[in-house]
Amino acid sequence: MEKEVKILKALAHPLRLEIIKLLSAEESLCVCKIQDFFNATQSNLSQHLKILKEADILDSKKIGGWVYYNLKNRKIIDIISILKDS
């Protein structure tokens with residue numbers, strides 16, 4: 001049950017939901033590209049990405065000097081859709 005609570009808490013912020021929706025349309029994006037879509041500082045965005053990663057929603061890999069993020073499990077989109085439709 002702890003995992004479910006962590007996931008739901010991570011989803012409880014509008015910016016994090018938008019990040020997930022953005023990554024659902026892309027295979028993988030670096031922080032610099034994610035930042036282009038939102039009015040947020042890189043440090044603020046990094047904190048939100050960290051929360052999503054700790055909730056096991058996102059995966060990351062470092063390539064050169066950039067960290068790229070992608071959805072770890074695309075079923076999270078189903079969860080968001082269910083919430084949106086209810």
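Predicted model: local features only at pLDDT ≥ 70, side-chain atom pairs only at ≥ 80, totals over all residues.
**Exercise 1. The disulfide**

Find how many disulfides the structure holds, work out which cysteines are joined, and decide whether each one is buried, partly exposed or exposed.

*Solution.* 
Step 1: Start with the count. The structure holds one disulfide.
Step 2: Pick out the partners. C30 is joined to C32, with the two sulfurs 2.4 Å apart. The cut-off for calling a pair of cysteine sulfurs a disulfide is within 2.5 Å, so the pair of C30 and C32 makes it at 2.4 Å.
Step 3: The angle about the S-S bond is -55°, and the link of C30 and C32 is left-handed.
Step 4: Sort out the exposure. Buried means under 20% relative accessible area. C30 comes in at 4%, so C30 is buried. C32 has 22% relative accessibility, so C32 counts as partly exposed.

**Exercise 2. How α2 packs on α5**

Describe the packing of helix α2 and helix α5: what is the angle, and how far apart are the axes?

*Solution.* 
Step 1: Locate the helices. Helix α2 covers residues 14-24 and helix α5 covers residues 75-85.
Step 2: Read the geometry. The two pack at an angle of about 125°, and their axes are 10 Å apart.
Step 3: Name the arrangement. Angles of 65 to 115 degrees count as roughly perpendicular and those over 145 as roughly antiparallel. The angle here therefore makes α2 oblique to α5.
Step 4: The crossing of α2 past α5 is left-handed.
Step 5: List the residues. From α2, the contact uses L17, I20, K21 and S24, while α5 brings I76, I77 and I80. Sorted by class, the contact of α2 with α5 has five nonpolar residues, one polar and one charged.

**Exercise 3. How α2 packs on α4**

Now try α2 with α4: at roughly what angle do the axes cross, and which residues make the contact?

*Solution.* 
Step 1: Get the numbers. The axes of α2 and α4 cross at roughly 75° and come within 10 Å.
Step 2: Go through the residues. On the α2 side you'll find L15, R16, I19 and I20; on the α4 side, N44, L45, H48, L49, I51 and L52.
Step 3: Class them. The residues of the contact of α2 with α4 split into seven nonpolar, two polar and one charged.
Step 4: Zoom in on H48. This histidine sits in helix α4, which spans residues 42-54. With 9% relative accessibility, H48 counts as buried. Skipping residues up to four places away in sequence, H48 touches H13, L15, R16 and I19.

**Exercise 4. Away from burial**

Are K9, D56 and I63 buried, partly exposed or exposed?

*Solution.* 
Step 1: Take K9. This lysine lies in helix α1, residues 2-10, and its relative accessible area of 60% makes it exposed.
Step 2: Take D56. This residue is in the loop between α4 and β2 and counts as partly exposed at 34% relative accessibility. Keep an eye on its backbone: D56 has a positive phi of about 70°, although it is not a glycine.
Step 3: Take I63. Strand β2 holds I63, which is partly exposed with a relative accessible area of 46%.

Terms used:
Residues numbered from 1 in each chain as written. Heavy atoms only, no water. Buried < 20%, exposed > 50% of the residue type's maximum accessible area, 1.4 Å probe, protein only. Axes fitted to C-alpha atoms, helices over the stretch in contact; angles between N-to-C directions. Helix = DSSP H or I, 4+ residues; strand = E, 2+ residues; numbered from the N terminus. Parallel < 35°, antiparallel > 145°, perpendicular 65-115°, else oblique. Left-handed = near helix turned anticlockwise from the far one by under 90°. Contact = heavy atoms within 4.5 Å. Nonpolar A, V, L, I, M, F, W, Y, C, P; charged D, E, K, R; others polar.
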